[in-house]
Amino acid sequence: MYPGPVHCQGSDSPPAAAAYAWSCTHDDGTPVRWASTTIRVWTSGLTAIQSRALQDAQQQWSRYSGIAVAPAASDGAAQVVVTEVPTLDAAPSLGPGIIEYALTSNQWSGGYYTHSSIQAANLPSLGYDDWLDTFLHELGHVSGLAHVDSPTEIMRPVVGAPQSTYGSGDVAGLASEGPR
Ligand SMILES: [Zn+2]
C-alpha cells in the first residue's frame, strides 16, 4: 500500500519537546519508514575505533529498530553507506563553537526510505565512547528519528557526556519506525 506523499522537517528545526520525534511523515501523520527488515551497510575509510563503535551501535540499533544489518558487497549494493570525511566544517551548524562529529542524510522513494549516507569526521581526539554515542545517534537518524530536547536521549542534538545505550524515548521512537 502506497503510504502517500512525504513531508520532512528542515535540518534547522528546533529539537522536539517530546521523548522522540519523526523527521518525515506522510499526510496521515504516520512516519516514513524502511520497508525492508534487512539493510546492507558499506563502510569506507573508518578508523579501527570508529569501526568497532559502529559494529556495537548497529547491534543495539537492530535490537530496537527491528532491522537486521548485513555487510554490502559494494557501495552500490548498500542501503546505508558510512564514510569518513576530513571535516564536516561545511555541514549545517548546530551552533557556535560546536564541532560536527557526523551527519546523516536519508533518501526515500515510493514513500519509504531507500538509502542513507552517514559521514563521520576525522577527529582523532574522539574515543570509542564518543563514537558509540555518535553512531547510535546517526543510526537513529537512519531510522527517521529527529532531535529531541531531553539530555538523556541519544537523539539530543549535541553529545556532551557520551551515553552508551539508547534512552527510553529513543527505544520507543525506534520501535515506532519499525518496518511494516
Ligand atoms: Zn543529529
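**Helix packing, zinc site and pocket**

The buried residues of helix 3 (residues 168-176) pack against strand 3 (33-34), helix 1 and helix 2. Here buried means under 20% relative accessible area, exposed over 50% and partly exposed in between, with a 1.4 Å probe and protein chains only. Helices (H or I, at least four residues) and strands (E, at least two) are DSSP runs, numbered from the N terminus. The model is a predicted one, where local features need pLDDT of at least 70 and side-chain atom pairs count only at pLDDT 80 or more, while totals for chains, interfaces and linings use all residues. Residues are numbered from 1 along each chain as its sequence is written, and side-chain values use heavy atoms, with hydrogens and water left out.

Back to helix 3: its buried set is made up of Gly169, Asp170, Gly173, Leu174 and Ser176. They sit on the same side of helix 3 because they cover an arc of only 160° around the axis (the arc being that of the directions from the helix axis to the C-beta atoms). Serine 176 counts as buried because its relative accessibility is 14%. Leaving aside neighbours within four places in sequence, serine 176 is in contact (heavy atoms within 4.5 Å) with Tyr20, Trp22, Pro31 and Arg33.

Next comes the core. A nonpolar core is a set of buried Ala, Val, Leu, Ile, Met, Phe, Trp, Tyr and Cys residues joined through side-chain atoms within 4.5 Å. The largest one has 31 residues, and those with the most contacts inside it are Trp61, Val80, Val82 and Phe135. Two or more residues each come from strand 4 (38-44), helix 1 (48-65), strand 6 (80-85), strand 8 (112-121) and helix 2. Helix 2 gives the largest share of this core, six residues. As for phenylalanine 135, not counting residues up to four places away in sequence, it touches Gln50, Ala53, Leu54, Ala57, Val82, Ile118 and Ala120.

Then there is the metal. The zinc ion has His137, His141 and His147 as its protein donors, each through NE2, at 2.0 to 2.1 Å. Donors are N, O and S atoms within 2.8 Å of the metal (3.2 Å for Na, K and Ca), and water is not among the atoms, so sites may look incomplete. Along the chain the donors follow the spacing H-x3-H-x5-H. Histidine 137 and histidine 141 are separated by about one helical turn because they are four residues apart in helix 2 (residues 128-143).

Strand 7 (102-109) and helix 2 each supply at least two lining residues, with strand 7 giving the most, six.
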